Amino acid sequence: MIMDICDLYEHKFPVQITYVPLHSTQEHAVVTQELIDSIVKTGFPIFLAEKERVEDSHRHGEWILPIRLQLKVVGLLWVMFTSGKKIPFNEIEQVVAMIETYLSMEEKQRQYTVENRKLRQELKGFLEFEDKPLLLLDRQGIVTECSAGVQTVLGLNRSRLLGETIERLTSEKVKVDVTNVFKPSFQTVEMKLEGKREKWHVQIKPTYVQGEVVSFMIKFLKKETNQFKQSKDLLYSFQDIIGSSEAIHFAREMARRIAGQDITILLRGESGTGKEMFAQAVHRKSQRAQGPFVAINCAAIPDNLLESELFGYESGAFTGAQRQGKAGRFELAHGGTIFLDEIGDMSLHLQAKLLRVLQERKVERVGGTQSVYVDVRIIAATHRNLEEMVQKKTFREDLYYRLNVIPITIPPVRERKEDLPILIEYFMKRLSNKEKKQPKYFSKDAYDLIFRYPWPGNVREIVNMVEHVIYLETGDLITADSLPAYLKIKEGKATSQLQINVAPHGEESFKQQVLHLLDVYGRHTEGKKRIAKEMGISLPTLYRRLKKLKIR
């Protein structure tokens, strides 16, 4: 092609044009090593002519111009004038530009081939020892490599998978996003395995060489299940985190910024501030949004049951265990997010097992010997002072540093009381629509009382208060008299005004007193902790008795 370019210009102009690669310059006597060295060093063309005809150089003589590839001189263009006609020098420069373009294309193709071959060899070596379920497809959707993990998940050996098309493995065409190198896409595909059709959540990420898609990596996240909330069923997003105060704005924007980064988050704040709301919002904004969101309250489950809830158990692991065993919350959250609420209430024994999951991304079921790989993002939350617990050796220091990667502190309501009207109006509209009732409005004396109250239950307590007035107030205007009684009890005097007398065997008496205390302290976790303390029972015991009495 290069010689064709030269021939084209030789016919157009009365010149002789020859492309001379540096390695072959010895074949042309006119191009000496001295001239080559001069052109390579300076990068400038050289004109050769008889001394007495220099003034007429545009009609007679020879030009030697450098040919560059990636700023390096790789050849010469030798132009010898054969007549007295004037030749525009810019035309000769066009020949140089065309040759350089061609050489650049040739070099890119060579590098592309080399890099593509190298990439495939590296991916093949990686997949041979990878226990994650991964498939590698070429641009035509044909499986070129697979991991050991995917053979287990799909129940097909390597010989069955290689050369198979993705369309034959799935009942639909897998869509790929080639517009963003760094943003994998998530889809739900129906796999046709052993005559059965099963829906799987998959992550699809193109691999690139020189900005061009050369293959696709497909990671199988988990089989679709309705046992836990999916993103479409979640209640909250960042739009639901209400408030204009500086404190809540800072926490909300920080969570929004790091939502797309697959990194561990520790949400800190008092009970009822909206930690699960933040966790759901982060999940819905993340790359795992199509995966499951699994939440568990570590304080609400007795320690001996929490281990099997988190990590699952094998058949016969303990008395009462299901015959077929059971997957834990970590396995069910595979490909998505697990929200560990009240992580500070976890025992040291379980903290050690959780640390192993964070380090190795593997869980071992109770009574089992095999490790199961889990791909989960962890969002933890606590109202406790973990730094103080670390000093007292009640919380593992190594786990603390693993969890405290991105700490986000959610402010209590008493530190952002300017948000109270916005919060109340938001929940009034939301709950009124849910119950198909007309929204109610608060009088000045009601707001005066609301602003004086410290709101120990935070946002959750505000929701309880709004529910109270929606159900009990018949008019449209909420006055101070319409508000729950506990808002009127002066801070610090609530306990002295309550008569606590729990009859251990009187369920009805217990029920009435608990209902009264729930009205006083609220139905949030902090309120229930105060109730359990007043009654002299543990929080898990209180939860079990509330469940038995069907009290929410």
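**Contacts, strands and helices**

Analyst: Leaving aside neighbours within four places in sequence, Thr 337 is in contact with His 283, Arg 288, Pro 292, Phe 293, Val 294, Arg 377 and Ile 379. The model is a predicted one.

User: Is Thr 337 buried or exposed?

Analyst: Thr 337 is found in strand 12. A residue counts as buried under 20% relative accessible area. Thr 337 has a relative accessibility of 0%, so the residue is buried.

User: Which side chain is joined to that of Thr 337 by a polar contact of 2.7 Å?

Analyst: The contacts of Thr 337 beyond four places in sequence include Arg 288, Pro 292 and His 283. The polar contact of 2.7 Å runs from the side chain of Thr 337 to that of His 283.

User: Where is Gly 335, and how many Å separate Gly 335 and Gln 203, C-alpha to C-alpha?

Analyst: Gly 335 sits in the loop between helix 10 (329–332) and strand 12 (337–341). With 1% relative accessibility, Gly 335 counts as buried. In sequence, Gly 335 and Gln 203 are 132 residues apart, but the distance in space from C-alpha to C-alpha is 8.7 Å.

User: What is the strand order in the open sheet of 5 strands?

Analyst: The pairing in this open sheet is parallel. On average, neighbouring strands are turned by 20 degrees against each other, direction ignored. The order is 11-12-15-10-16.

User: Which strands pair with strand 10 over 4 bridges?

Analyst: Strand 10 covers residues 265–268 and pairs with strand 16 in the parallel sense over 4 bridges. On this side, Leu 266 has Pro 407 as bridge partner, and Leu 267 has Ile 408. Another 4 bridges join strand 10 to strand 15 (residues 377–382), also in parallel, with Ile 265 opposite Ile 379. The partners are strand 16 and strand 15.

User: Which residues form the uncovered face of strand 16?

Analyst: Side chains in a regular strand alternate between the two faces of the sheet. In strand 10 both faces are covered, with Ile 265 and Leu 267 on one side and Leu 266 and Arg 268 on the other, all buried. Strand 16 has Ile 406 and Ile 408 on a covered face, while the uncovered face holds Pro 407 and Thr 409.

User: Which residues of helix 16 meet helix 14?

Analyst: On the side of helix 14, the residues involved include Leu 420, Phe 427 and Glu 435. In helix 16 they are Val 459, Ile 462, Val 463, Met 465, Val 466, Glu 467, Val 469, Ile 470 and Tyr 471.

User: What is the phi of Asn 458?

Analyst: Most residues other than glycine have a negative phi. Asn 458 lies in helix 16 and is buried, with a relative accessible area of 0%. Its phi is positive, near 60 degrees.

User: What is the phi of Arg 361?

Analyst: Arg 361 is placed in the loop between helix 11 (348–360) and strand 13 (362–364). At 26% relative accessibility, Arg 361 counts as partly exposed. Its phi is also a positive value in a residue other than glycine, near 55 degrees.

User: What percentage of the residues in the protein is buried?

Analyst: The secondary structure comes to 19 helices and 18 strands. Among contacts with a separation of 6 or more, 62% are between residues 24 or more positions apart. Of the 552 residues, the buried ones make up 48%.

Technical notes. Residues numbered from 1 in each chain as written. Predicted model: local features only at pLDDT ≥ 70, side-chain atom pairs only at ≥ 80, totals over all residues. Heavy atoms only, no water. Pairing = 2+ DSSP bridges. Helix = DSSP H or I, 4+ residues; strand = E, 2+ residues; numbered from the N terminus. Axes fitted to C-alpha atoms, helices over the stretch in contact; angles between N-to-C directions. Buried < 20%, exposed > 50% of the residue type's maximum accessible area, 1.4 Å probe, protein only. Polar contact = N/O pair within 3.5 Å; in protein donor to acceptor, adjacent residues only side chain to side chain. Contact = heavy atoms within 4.5 Å.
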